Amino acid sequence: MALKTLETERNVRWLFWIIPALLVYLAFMAWPLLDSLRLSFYTGSGFILTNFIGFDNYARLFGGGPESQRFLGAFSNTFIFFAIHMLVQNILGLAFALILSRKFLPGRGFFRTVIFIPATLAIVVTGFLWKLLLNPQWGPLNLWLTQLGLSDWALPWLGDPNIALIAVGLVSSWQWVGIPTMIFLAAIQGISEDYFEAAAIDGATPWQTFWRIKLPLLRPIMGVVAILTFTANFNAFDVVFAMTGPNGPPSYSTDILGTYFYRTGIAGQHPIGIPDMGLGATIATVTFVVLLIGVNLVQYISREPGEKNRG
Amino acid sequence: MNRTSFKFRLMSAAALFLVATFAFGQNLTLGSWRTDDVAKWTNILAAFNQDYPNIHIKFDPTIPTDYNATLRLQLDNGNGPDLFYARSFALGKELFKAGYELDLSNEPFITKGYSKSALAAFSSNGKVFALPAAAVSHGIYYNKDIFAKYGISIPKTWPELIRAAEKLKKAGITPFGNGLAGNWDILEVVLMSILPAEVGGAEGRMAYENGTRKLNDAQIVAAFKELQQLKPFLPRGFEAVSDNDAVSLFQIGRAAMVFWGSWDIPSFTDKIQGFQWSVFATPPPQGKANVIEFMPDFGLAINPKSPHVEAAKTFLTWLSGPAGGKAIGDNLVGFFPMSKAKVSLSNDVAKTFLSFNEGTTQDFRFTWDKLSDNKLPAYTLLLAECRAVLTGKHSPQQAADAFAQGMAAAGFAP
């Protein structure tokens, strides 16, 4: 009997250790999330929305009117922004990790630090820095291009609707490339030496070693990196806000979900500045659903082949 | 001095102070979005206290980007400031409709102190929700030294301005500093300082608002044409030149002129070194009377729930008079009192700006009133067309057509 109470006590005790964290989670994560889901069915001005309108906000976002035009524009821009990070930031990160994982690389620590430094800087700082570097009047980039006789290439980088989003995406990739580099590096260093030795004995070229050994074993890690990139970029706001502001100029070409949400739900469209919190909550909800689907999709794809059957 | 007695004295001093303020004065707070103006408001309130020593007002600003939301939250929760900065037009009306701004329509300081046009920006269906406290003006800042060197005199008409720009460009000087990347100044400061003279001021604007004129008529096209004429005279890469870049280009002497507003007089004064500068009014098209873009900047509203409504009214009465007007104009340099009271300002550039209003009429920004009712997109459409015209995507006629079509599509049917 005494033994049994001890056991139940042991079985229940863990609960007490979780409660504080659970309360914090409920108060600051779950409740705001659910409440913003609820808000997406309301409209009104001010902080207390009382006017229930069902799915009207969703109809506005997807109905083909001006709001839905902005929303779909922001959505596709966000996707492009994400794609730039997948292509540039993550592939560069993998390349850097492969180089840094070589056994005999002089100055490895130095390069590792250099690659990681931008990730430690505040986004407002890097955004402002790059805005200056790309400035058409006194930006070094265009000054150099002009000095090299390439003045036709000295474009207004952040002022051209065809280039601005790519420019901002590359700046963000530059800043965060250290993160995938570190993750991939740790993963590569975690691969057992035995594989490489066996491959070397079998006469595999470095290229074969990369394609047949490193890449397949990195697959779950790539999934993790893809998820991190996906969530970070579908929630992106700061770098765009710092470089081109909340209105997505030029011609909404840098307008992403984050800035559209900020404009709609928090700041209001300049110059009137009356936010539409209900519509803002709707954008947040849709973003949340997209993230939920996307994360599960990436997780499914990046599982090891045998794992899929286990669900 | 031993410690206890010091402590005792301190405490009794504090107690005395508390008693004194309760017995001999009232304490009010004044909410604002101007965090930079604390020192200036200290001076204004000191001037007020010379006349009314028993009303103590504390200037309590919130950072500009948070102001609307913070104020709304305070008012929703019933702990708003006694007096607060009110936005003109839609945003001000919104708070009035929610019952957060005292109706001032019948107050003598409103009816006697201000003209109808000054009150228009702070009225909702004929009811006044805020005292029109200050307005800003717009014009062209110019480098006097460069103008003198190339023998250019102040342009009186638009064609003269363009000729001056041609002369400067030939000499290798960027005529105007303005660009597109700020995403507001090209419309609010450039196009909207051209438009009033082109459309015939307030009357013309109202003709568009009530539908007697079409939004793509000859005057709107002409305003876009004037904007288009500026293109060769803007800085290289103007598509990516921001508002900060624009004023910097002028301030370091690389651009001879910049379209800008009076609110930045203090920062121009601080930053410009080594050359003489001043401002002139945006010149009207040949043969048309000039109309100045004179824009109400902020009003002062009273919180109806404040326990100090009478004291707040006393303050507003003082502000509407000559002493208050001078205090505003001389401390908030670049902002002009809107009352009928005659005020002589101390700052020379501010005086020049205010002199634009002599012998001309004035109007506020073109899209701020009815063209933005019910979230009509006049502002965003015109802004997009400024870019389209200057990047060569649209001709002036196409720009005006796109503006009219966009407004019609959004349900503008006067």
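Helix α14 of chain B covers residues 309–320, 12 residues in total, and its first and last C-alpha atoms lie 16 Å apart, close to the 16 Å expected at 1.5 Å a residue. The model is predicted. Most of α14(B) is covered, with nine of its 12 residues buried. The buried residues of α14(B) include B:F315, B:L316, B:W318 and B:L319, and also B:K313 and B:S320.

Another helix of chain B, α10 (residues 201–209), has B:G201, B:G204, B:R205, B:A207, B:Y208 and B:E209 buried. Just after α10(B), B:G211 has a positive phi of about 90°.

B:E188 pairs with B:R365, with the closest N and O atoms 2.8 Å apart.

A second salt bridge joins B:E198 and B:K288 at 3.0 Å, N to O. Here B:E198 belongs to α9 of chain B, while B:K288 sits in the loop between β9 (277–280) and β10, 90 residues apart. B:E198 is buried because its relative accessible area is 6%, under the 20% cut-off. B:K288, at 32% relative accessibility, counts as partly exposed.

Over all chains, the structure holds 16 salt bridges. In chain A, A:D276 forms one with A:R60, the closest N and O atoms being 3.2 Å apart. A:D276 is in the loop between α12 (257–267) and α13 (277–301) of chain A and A:R60 is in helix α2 (residues 56–62), 216 residues apart. A:D276 counts as buried at 8% relative accessibility, whereas A:R60 is partly exposed at 27%. Together with A:E67, A:R60 and A:D276 are linked in a network of salt bridges.

Between the two chains, the contact takes 28 residues from chain B and 25 from chain A. The buried area is about 2,400 Å², and carbon and sulfur atoms give 59% of it. Zero salt bridges are found across this interface, but seven residue pairs are in polar contact. On the chain B side, α3 (64–76), α4 (89–97), α12 (243–251) and α17 (378–390) each supply at least two residues. The largest share, five residues, comes from α3(B). By class, the chain B side has 12 nonpolar, six polar and 10 charged residues.

Note on methods: Residues numbered from 1 in each chain as written. Chains lettered and ligands numbered in written order. Predicted model: local features only at pLDDT ≥ 70, side-chain atom pairs only at ≥ 80, totals over all residues. Heavy atoms only, no water. Contact = heavy atoms within 4.5 Å. Buried area = accessible area lost by both parts, 1.4 Å probe. Salt bridge = Lys/Arg side-chain N within 4 Å of Asp/Glu carboxyl O. Polar contact = N/O pair within 3.5 Å; in protein donor to acceptor, adjacent residues only side chain to side chain. Helix = DSSP H or I, 4+ residues; strand = E, 2+ residues; numbered from the N terminus. Nonpolar A, V, L, I, M, F, W, Y, C, P; charged D, E, K, R; others polar. Expected span 1.5 Å × (residues − 1). Buried < 20%, exposed > 50% of the residue type's maximum accessible area, 1.4 Å probe, protein only.
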